[in-house]
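The model is shown first.

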Amino acid sequence: MSTSPPLGAQADAEPLAVRPAKGRPDPARTPGRRRARRVDALTAGFFMTPALLGFAVFVILPALGGLVLAFFDWDLFGTPEFVGLEHIQRLFTDPVMWQSLGVTAAFVLLGVIPTIAIGFVLAVVVNSNLPGVGVFRVLYFSPMVASAAVAAVIWVNLYRYRGGLINQVLGWLGITGPNWLSDPVWARPALVIMMIWSALPLVIILYLAGLQRVPEDIYSAAALDGAGKWRMLWSMTWPNVRSTTVLIAVLQAVSFISGSFEIALIMTNGGPLGTTQSLALYSYKMAFSQRDIGYASALSLFQLVLILLIVLGVRVLVQLRKERG
Amino acid sequence: MTSRTTRIRAAAVLLTATALTVSACGGNDPGTDEGAAGEVEGSTIVLTTITGLAPQFEQYADAYMDAFPDRTVEVRSSTDDAAEYSQQLATGRISGELPDVFFNVDFLADTLATNNVTLDLAPGIEEGKLGDLRLDDFLPQFVGQYRPLDNPEQVTGLPVSADSVGLFYNKTLFDQYGITEYPEADWTWDDMLRVGEQITTASGGDVIGLAAPLGSGADQIVFGPVIQAFGGFVYDPDTQTSGIGQPEAIEAWELMLSAFDSASGPYTATPDPTVNFNAGNVAMAIASRGGVPQVQATLVDVDWDVQVLPTIDGNSTAGGGSYGLSIAQTSTNQDAAWAFLAWFYDTDAGMLVAQEVGGAIPPTEDGIDNGIWRDVSPPPANIAIFGESARTAVLLTQMPGATSAVLTEATTTATQQVILEGRDVAEAFQEAEAIVNAALAEETGE
C-alpha cells in the first residue's frame, strides 16, 4: 500500500506558517523590516492609486448611481422623480421579470455544468502529450480572440435555417434541422451551446493552471497501485482541481447570468416568445428601448443581489466543506 | 478600523454617490439652458447623424463649405441603433454637449420636444430663416411627424426626404419560374399573396415569392397602413388608445400573417440577410424608396422594377416617413444652424446635392414634381411611383413617450404567438392591445 497523504490534500493545503523560535526577536517586527514594509506599502499604493481612482470613478460610482436610480422614475431626458420602492414592488408582480429570471436560471443550469465538464476534459487533453495536441492548443484559444459580437454573428450564420452550416450537415445525414433561432424549443439550447463554446478558452486556461499544481508523484504512486488512466483522472486529477472547479463554477455562473446579454441581443433579441430574454437583456430593453431607467435599475439591482447570493452560497459551501475536513 | 467607522464611511460614500447621480441627472433642468444666435460668418457647427447616413452628410457638408468657405460644418457619426442614439442624445443633453444640428426621427421626436431638446422651428421659418421656403411648402403629413403631440403648432424637425414604400419585384425570378403576371398598379393584396405563393411553390422553396410583409411582427410601416385600409387604427391621439385588437385590425393581421409559410417561407425572429431582395433570392418585397441605391448596387445583372403597393378595398397601403433635421435648443450657434438648413432645403442648392448623392425625394410639392430624383437610369424604370406614393402614404403614428417601443414588442410577441404557438389571432392581438393601452395610460396619466 502507498503511504502517500490523502489525495487532494497537497494541492489545496495552506502553506505552513513560519514562526520564530521562542526567545528570539521576530525579524518581521524589527525596525528595519517595519520601515521596509512601510516603503513597500507606499510604493504599492503609489502604483495602485491611479487604477483604483479610475475604477472608483468609472465603475463603482456609476454602479452606485445606477442602484440609486432604482428609486427614481427617469426617461433619460427629463428630471428624475423619486418614487421610493415602487420599482422594487413592481419587480415581483411583473410576469416578464419572472420569465426572464427563469431564462437566466435555465442559462446557468444548462450552461455551467457542461462548460465545466467539457473544459476539464479538454484541459486534460491539452495538458497531455498526445500527437497533434499542439494544433489543438492553438485552436482552443480561438474563441477568445473573437469579440462576443463577432462570434455571435458567426453563430447566427451557422444556425441559419436556410443555408446554415449546421442544417447543411444535418441535411447530409438525412435530418431536417430546425429553425434554430426562431424556434421556441431550440433557440435557448442553441444560445447555450454558443455560450459554452465562447466560455471554454478561459475555463481551459484555469484548469491548465490547476493541473500544473497537481504533483506528479501521486500519479506514480497510483500507477504502482495499478490504477488505470480513467481511474487516475476521476479519483486523483478531478479531486485535486476541486478549488479550480469551484472558482470556475462561480465565474461561469456569473458569466451566464450577465454575459448572456450581448449574445442574446445579437442572436435572437430575446425571442422567440421571450425564451432567450435573460434578466440582463430585459433590463437593457427597459432602459434603452422603453427608456424606463428606474425600473431597469431595479432589475439590475435584483440581478446584483442574485449574483451576490450565488457567490456567498458557494463561499458558505466551501467553508462548510473545509470545516468537515 | 472599527466596524462602526466602516459603516459610517460606507454610508458617506453612498450618500456622495447619490448626490452626484441625482445632481447629474437633474442638474440639467429642462428649459434652464438657453441657446444663442451666435455668428454665421466664420462659424463652426456640429451636425450629428446616424452611421449609415454619415457619408452622405459629409458630402453635403463639403458642398456647403465649398459654397461658403468661411463656414464650417463638422459631421459626427453616431450609431445606427435607435436605442443607442436616443441614449447618446440624452447623454449630450445632460452634459450640455448636444450638437447644433442633429438627425431626428418620428418615434423620438415627441420625447425630444417634450424635454426641450429640440428647438421649435416654426417661428424661425415664419421669420424667413429658410429664405422663401414656408411650412406650407412641405408635404403636411411629413412635417406632421415633427409636431409635438401636446403642442401641434410647433415644428421641431424638418423632413429630409419624402420616402414611402413600394413593391420591389425581380422580373428575372418571375421569368425563371414561368410567372408572367408582373405586379400592376391595380393589384390587390390577394393578387400579391397569390403570385408570391406561386413563385415559392414553383421554385420548390429555393426562392421566396414574397418577403414576409410583417417581418418579425414589428414593421409598423407595413401593418399601420394595412390596418388603416381595413378601417382600423394603430393609435388614436384623440382617445389616446391603440386599436390593434379591434375587429378591423384583426382582419388586417389575418391577411398579413397568411403570407408566412405559403408565400414567405417560415417565420424568422430576427432579420435574415440571406433572404433579402438584395440577395437576389426574393421575387417580391415591400421596401422603402431609400433602398433603391443599394438594390442598384447589388442586383447588377438582374431585371427588376418597382410598383405601387397593392390596395385593400381600393385603399392605398403604402407607408412612409422621413428622418428629419433638428436644431438643439441649447445650441449657441443657432443662426449658423439656420443658415445651414436654409442652404440644405434650397431646391437649387442642398436639396440638389441630396437628390444626387442620397437619392432623396424633396419633401415639398415642387420637389416631388420637378426634382431630379426621377432622372435615375433604370432599373427601376418605374421610379416615378414613389412621387405619388409620397402624397398618399400613411405615415408612422407618433405615440407619446416610449410607447411605440411597447407597441413594437407587443405586436412582435403576438405575431410569434400566432405563428409559433398556433394561438388565435384575435386573442393574441387583443392581449397586445391591452398591453399597449396600459402603457399609454401610464404614460399619459389617464
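## Helix packing in chain A

The crossing of H9(A) and H12(A) is right-handed, a crossing being left-handed if the near helix is turned anticlockwise from the far one by less than a right angle, and right-handed if clockwise. H9 covers residues 187–212 of chain A and H12 residues 242–258 of chain A; their axes come within 10 Å and cross at roughly 160°. Axes are lines fitted to C-alpha atoms, for helices over the stretch in contact, and angles run from 0 to 180 degrees between N-to-C directions. H9(A) and H12(A) are therefore roughly antiparallel (angles under 35 degrees count as roughly parallel, over 145 as roughly antiparallel, 65 to 115 as roughly perpendicular and the rest as oblique). On the H9(A) side the contact includes A:Met195, A:Ala199 and A:Val203, and on the H12(A) side A:Leu247, A:Ile248 and A:Phe256 are among the residues involved. Two residues are in contact if their C-beta atoms, placed from the backbone, lie within 7 Å.

H9(A) also packs with helix H4 (residues 95–127) of chain A, at an angle of about 45° and with the axes 7 Å apart. H4(A) and H9(A) are therefore oblique to each other, and their crossing is right-handed.

## Basis of the model

This is a predicted model, in which local features need pLDDT of at least 70 and side-chain atom pairs count only at pLDDT 80 or more, while totals for chains, interfaces and linings use all residues. Residues are numbered from 1 along each chain as its sequence is written, and chains are lettered from A and ligands numbered from 1 in the order in which they are written.

## Chain B

Chain B has 17 helices and 13 strands; helices (H or I, at least four residues) and strands (E, at least two) are DSSP runs, numbered from the N terminus. The radius of gyration of chain B is 24 Å, close to the 22 Å of the globule rule for 446 residues, so chain B is as compact as a globular protein of that length. The radius is taken over C-alpha atoms, and the rule is 2.2 Å times the number of residues to the power 0.38.

## Contact between the chains

In the interface, 35 residues of chain B are in contact with 29 residues of chain A. Helices H1 (3–26), H3 (82–95) and H16 (403–421) of chain B each give two or more residues to its side. H1(B) provides the largest share, 8 residues.
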